[in-house]
Amino acid sequence: MDEIAKFAVGLDVGTENVRAVVATVGKDGSMSVVGYNEGPNSGMRKGVVANLTGPAESIDRMLGEVERMSGFEVNSAYVSINGAHVMCTRAEGMIAVGAEDHEISDDDLARVEQAAVVGRVPANRDILDVLPLSYTLDGQGGIKDPLGMTGSRLELKASVLSALAPNSLNLRKATEGARVTAEKLVPSVVAAARAVLTEKQMENGVAIIDLGSATTSVAIYEEGDLQYVGVLPVGAHNITNDLAIMLKIDTEIAEDIKHRFVAKNLAGEEPEGDIVIRRNREELAFSRAEVNQIVEDRLSEIFDGIRKELKAAKYDRRLPEGVVLVGGGAKLKDIAVYAREALEASIKIGLPKKLGGVADAIEKPEYATAVGLAMMAAAESGQAVQAKTKSKSHKSAGKKSGVLGKFFKKF
Ligand SMILES: Nc1ncnc2c1ncn2[C@@H]1O[C@H](COP(=O)(O)OP(=O)(O)OP(=O)(O)O)[C@@H](O)[C@H]1O
Ligand SMILES: [Mg+2]
């Protein structure tokens, strides 16, 4: 890569985990990962900020290591937003652009976007993005990019991503609490799609599913465009809770069982023997068949929900490129085998596209959202290279009484 032009930062604020990726962006647009980290989050419910200090402290603590690693001070980022309130709707707009020999300008494109959304999105919703699907110029439809074309009447069909305004405002406040300005909020699954899907998949038709801790999100792409987004308020942590309740064990042991043993036999054959966990020199044995039944019951609920989303979007069994799984839940053993049967589609585990630098360690399905956010920031925005000012960097390790406490007094 030649000279560094700017830095791009992706910040994934998940219900259970916060993750960040910092990359340098060369003048030629090439990215190189220079910092990343993950850490536990708190104060979130089903993808939504439930209190401001929890996520602010978690982000602040996690970013300390990212800044040490990259030597870059994170002041702004592309940030993930999640939860069942996140929606993708269709909108249409039309404007007159003037004389017949008028060439369509950037201004016209901005105006027709405005015309498509103004008054069509409820006041309590925040528009996150307007993604043009196609334009019609003087009655001729199917135009992808009308810039510079000649015409007098411009129409737009677009996908509009929106979120409940209080939820997006609270997320912004939470990141501000860690002294990070959210430049743009992007639905987690849409960001993940950017990191793992190929142009060919998005052209032919593909679904991406983010199996998070407390949410499961679906996004569908066809003809290169986002067609549908749906978020279910259930995720991989529900499996842990089920195991804890049914087996009368604490969630730590339940999590251990889930990670190391469970899905092995989801492929079908009757599991045998026990799962043995060692704790404080004690041996705890659990029936493999019983464990697998608990996990399968919850997975079947999650995948029924996904199938309903695919049906609602009219893409059920109509996805030539199949389904790509990302998020921490995509690491469940044999989840691909299970998903293939449940969705009757080909399944891949989505790993973020290869970027240069220290990217090896983040080529994991749970990093898809953070990587995708950094890629979007690199393409659309990015922070200029700045001088480091020690006093502001994220090293407070979330000291309650410090900067955060003072910050939240403002609210
Ligand atoms: N190796 C593994 N095997 C099974 N499950 C795993 C594994 N690693 C992580 N998980 C599960 O992934 C989940 C966390 O996923 P992730 O970090 O993507 O969630 P999140 O982004 O914090 O949540 P959400 O997207 O719902 O807001 C946890 O339930 C965890 O148990
Ligand atoms: Mg997530």
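Asp242 and Arg298 form a salt bridge in which the closest N and O atoms are 2.6 Å apart, a salt bridge being a side-chain nitrogen of Lys or Arg within 4 Å of a carboxyl oxygen of Asp or Glu. The pair links distant parts of the chain, 56 residues apart, with Asp242 in helix 6 (residues 236-247) and Arg298 in helix 8 (residues 288-312); helices (H or I, at least four residues) and strands (E, at least two) are DSSP runs, numbered from the N terminus. Asp242 is buried, with a relative accessible area of 17%, and Arg298 is buried with a value of 17%, where buried means under 20% relative accessible area, exposed over 50%, and partly exposed in between (1.4 Å probe, protein chains only).

The model is predicted, and local features need pLDDT of at least 70, side-chain atom pairs count only at pLDDT 80 or more, and totals for chains, interfaces and linings use all residues. Residues are numbered from 1 along each chain as its sequence is written, chains are lettered from A and ligands numbered from 1 in the order in which they are written, and side-chain values use heavy atoms, with hydrogens and water left out.

A search of the whole structure finds 20 salt bridges. Side chains of opposite charge can pair when their charged atoms come close. One of these salt bridges joins Arg317 to Glu344, with 3.5 Å between the closest N and O atoms. Arg317 lies in the loop between helix 8 and strand 17 (323-326), and Glu344 in the loop between helix 9 (335-343) and strand 18 (347-349), so that this pair, 27 residues apart, also links distant parts of the chain. Arg317 is exposed, with a relative accessible area of 57%, whereas Glu344 is partly exposed at 45%. Through salt bridges that share partners, Arg307, Asp316, Arg317 and Glu344 are joined into one network.

A salt bridge within a single helix leads on to the ligand. Glu255 pairs with Lys258, the closest N and O atoms being 3.9 Å apart, and because the two are three residues apart in helix 7 (residues 251-260), they are separated by about one helical turn. Glu255 is partly exposed, with a relative accessible area of 22%, while Lys258 is buried at 7%. Both residues belong to the surroundings of ligand 1, which comprise 20 residues, the closest being Thr15, Asn17, Thr215, Glu255 and Lys258; a residue is counted here if one of its heavy atoms lies within 4 Å of the ligand. A polar side-chain atom of Thr15 lies 2.6 Å from an oxygen atom of ligand 1, and for Lys258 the corresponding separation is 2.7 Å. His259 places a polar side-chain atom 3.5 Å from an oxygen atom of ligand 1.

Strand 2 (residues 17-26) and strand 3 pair in the antiparallel sense over nine bridges, two strands being taken as paired if DSSP finds at least two bridges between them. They form a hairpin with four residues between them, and Gly29 in the turn has a positive phi of about 90°. Strand 3 (residues 31-40) is mostly covered, with seven of its 10 residues buried. With strand 19 (residues 356-357), strand 3 pairs in the parallel sense over two bridges, and Val33 has Gly357 as its bridge partner there.

Elsewhere, four strands form an open sheet in the order 7-10-8-9, with antiparallel pairing. The edge strands, each pairing on one side only, are strand 7 (87-96) and strand 9 (140-143), and the twist averages 35° from one strand to the next. Strand 7 is joined to strand 10 (residues 153-164) by 10 bridges, and Glu92 has Lys157 in strand 10 as its bridge partner. Helix 2 (residues 106-117) packs on the sheet, touching strand 7, strand 8 (125-137) and strand 10, and its direction makes about 120° with that of strand 7. Contact means heavy atoms within 4.5 Å, and axes are lines fitted to C-alpha atoms, for helices over the stretch in contact, with angles running from 0 to 180 degrees between N-to-C directions. Helix 3 (residues 165-177) lies across strand 8 and strand 10, running at about 70° to strand 10.

Finally, Thr369 lies in helix 10 (residues 368-380) and is buried, with a relative accessible area of 4%. Not counting residues up to four places away in sequence, Thr369 touches Asp12, Ser80, Ser188, Ala191, Ala192 and Asp210.

Methods. A polar contact is a pair of N or O atoms within 3.5 Å; within protein, one must be able to donate a hydrogen and the other to accept it, and residues adjacent in sequence count only if both atoms are side-chain atoms.
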